[in-house]
Amino acid sequence: MNFVIRHPDPAELAELADLERSADAKFVPLGIVFPSGTTMIEEAQDPSRVYVAGRPPIGFALVSTVDGGVHLDQLAVHPVHEGKGTGTALLEAVCALGDVTLTTFRDVPWNAPWYARRGFDILDPSEWGPELTALVAHERDLGIEVAPRVVMRRLRSVGT
């Protein structure tokens, strides 16, 4: 399936929170419940940090800069559209920007194993920069580390 990956219109940002909540619901049967409060996408005020697939969006990737490099903060696909390549298309758009880091659940099949199949490797804490180290600590403080998490990285040369 072909996806047009684009930045959202500013008005679409608010709609992405419902998409994120729908994607997050898939974790509940695994015993992973995220802390209540705002979603990651609701904190994104800049549409240039967000990539969406579809119109209206059926998935999104939220990026930031961590230790001078691209960091994937969130990748979410509406459950109705899973398994059709949306997540991979969004991920490849992000990876085209350069080396990419992310934090994810180690044992959730659509998290670390999924990223590993797409060229990501687990980083040892000794390889984390100061901002990435602070980000992992911040996730712990927020209560996101409700199951084992890892930091992963894909170098731009992988998959290109």
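A word on the basis. This is a predicted model, where local features need pLDDT of at least 70 and side-chain atom pairs count only at pLDDT 80 or more, while totals for chains, interfaces and linings use all residues. Numbering starts from 1 along each chain as its sequence is written, and side-chain values use heavy atoms, with hydrogens and water left out.

1. Val33 is exposed, at a relative accessible area of 52% (buried is under 20%, exposed over 50%, partly exposed in between, with a 1.4 Å probe and protein chains only). From its C-alpha to that of Ser126, 93 residues apart along the chain, the separation is 29 Å.

2. Phe34 belongs to the loop between H1 and E2. At 25% relative accessibility Phe34 counts as partly exposed. Leaving aside residues up to four places away in sequence, Phe34 touches Asp24, Phe27, Phe105 and Ile144 (contact means heavy atoms within 4.5 Å). The C-alpha atoms of Phe34 and Ser126 are separated by 27 Å.

3. Helix H2 (residues 86-95) has seven of its 10 residues buried, so it is largely enclosed by the rest of the structure. Those buried residues are Thr86, Gly87, Leu90, Leu91, Ala93, Val94 and Cys95.

4. On the overall layout, the protein chain has four helices and seven strands, in the order β-α-β-β-β-α-β-α-β-α-β from the N terminus on. Of the contacts with a separation of 6 or more, 70% come from residues 24 or more positions apart.

5. As for size, a compact globule of 160 residues would have a radius of gyration near 15 Å, and the protein chain agrees with 15 Å (taken over C-alpha atoms; the globule rule is 2.2 Å times the number of residues to the power 0.38). The C-alpha trace spans about 40 × 35 × 30 Å along its principal axes. Of the 160 residues, 44% count as buried.

Definitions and conventions: Helices (H or I, at least four residues) and strands (E, at least two) are DSSP runs, numbered from the N terminus.
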